[in-house]
Amino acid sequence: MQALTVFKDHVFCLDTREKHPLIEGLQLSKFADIVLRWDKYRAYLLRTHRMALHKTSDYDGSPFEDFYQIRYEVDDCYTISDDPYISITFESTFDSDFDYTAMASRSTTTAYKRGKSLPPQETKFKVYRAILRRREGDADIWFQHEIARLQRILDDLDAATISLNVWAASDIHMRVLCPAAGCSSRKSPTILLPSQLLVHANSKLSLDAFKDKLTCKSCGARGGIISAA
Ligand SMILES: [Zn+2]
């Protein structure tokens, strides 16, 4: 199997056009979990693993669709990589079972006519499918290992950034973004090295207390949005 599409209750093999039962370790919930945890570590995963998560949306039709592609061997999220290929689609839902909510507005633009966007509304999204492709070898086996590897990376990042103490002992940089939406400093967020965190870790500050103490040098706003870099 070189290319497969994972659905909620079966797998579709794109080479043979055949349906198969679900594959151990490749449940849709795992793909949703990876997408949802990625944002906090976006800058770190790009710097150290050269991986990016690229998002596009289609809000012309119904349901709304959000597409996420995991890109490998890239230095920015704009470069396209197509091997290995992982593309995960979420669809809007009215169901109580959903993965995330986002503000989404219907676009009336068509191929023939530029339309307008309606006011954004809070919309629930649920994972719908994952398309997996690999040029060489057995894609199903390769992706079983790959999905487990990505989850392990995210688990390790969660553990390494759980408190200021452990973060200061890691090799992970801290990216601090001003919480004020219009602040000019948001174009170039502050990067703190673990050695700089150590001073505060030694003072026994919790991660939350540390966040609250941050003050933007540009606009004076208190608090900061922190992520791994
Ligand atoms: Zn600011």
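A: A crossing of two helices is called left-handed if the near helix is turned anticlockwise from the far one by less than a right angle, and right-handed if clockwise. Helices are DSSP runs of H or I with at least four residues, strands are runs of E with at least two, and both are numbered from the N terminus. In this structure, helix 1 passes helix 3 in a left-handed crossing. The model is predicted, so that local features need pLDDT of at least 70 and side-chain atom pairs count only at pLDDT 80 or more, while totals for chains, interfaces and linings use all residues. Residues are numbered from 1 along each chain as its sequence is written.

Q: At what angle do the axes of helix 1 and helix 3 cross, and which residues make the contact?

A: Axes are lines fitted to C-alpha atoms, for helices over the stretch in contact, and angles run from 0 to 180 degrees between N-to-C directions. Here helix 1 (residues 28-38) and helix 3 (residues 139-160) have axes that come within 10 Å and cross at roughly 35 degrees. Two residues are in contact if their C-beta atoms, placed from the backbone, lie within 7 Å. Helix 1 contributes Lys30, Ile34 and Arg37, and helix 3 contributes Ile147, Leu150, Gln151 and Leu154.

Q: Which residues of helix 1 are buried, and what covers them?

A: A residue is buried if 20 or more other C-beta atoms lie within 10 Å of its own, exposed if 12 or fewer, and partly exposed in between, with C-beta atoms placed from the backbone. In helix 1 the buried residues are Phe31, Ala32, Ile34 and Val35. They lie on the same side of helix 1 because they cover an arc of only 160 degrees around the axis, the arc being that of the directions from the helix axis to the C-beta atoms. Their cover includes strand 4 (52-58), strand 5, strand 6, strand 8 and helix 3.

Q: How many bridges join strand 6 to strand 5 and to strand 8?

A: Two strands pair if DSSP finds at least two bridges between them. Strand 5 (residues 65-71) is joined to strand 6 by six bridges, and the two run antiparallel; in this pairing Phe67 stands opposite Thr89. Strand 6 is joined to strand 8 (residues 121-133) by nine bridges, again in an antiparallel arrangement, with Glu91 opposite Lys126. Strand 6 (residues 85-93) also has two faces: Ile86, Ile88, Phe90 and Ser92 form the covered one, and Tyr85, Ser87, Thr89, Glu91 and Thr93 the uncovered one.

Q: In what order do the three strands of the open sheet lie, and which are its edge strands?

A: The order is 10-9-11, with antiparallel pairing. Strand 10 (190-192) and strand 11 (225-228) are the edges, since each pairs on one side only. From one strand to the next, the twist averages 30 degrees. Strand 9 (residues 174-177) is joined to strand 10 by three bridges; Val176 has Thr190 as its bridge partner, and Met174 has Leu192. Four bridges join strand 9 to strand 11, where Ile225 is the partner of Leu177.

Q: What are the figures for the whole chain?

A: The protein chain has six helices and eleven strands. Of its 229 residues, 21% count as buried. Its C-alpha trace spans about 60 × 45 × 35 Å along the principal axes. Among contacts between residues at least 6 apart in sequence, 58% join residues at least 24 apart.
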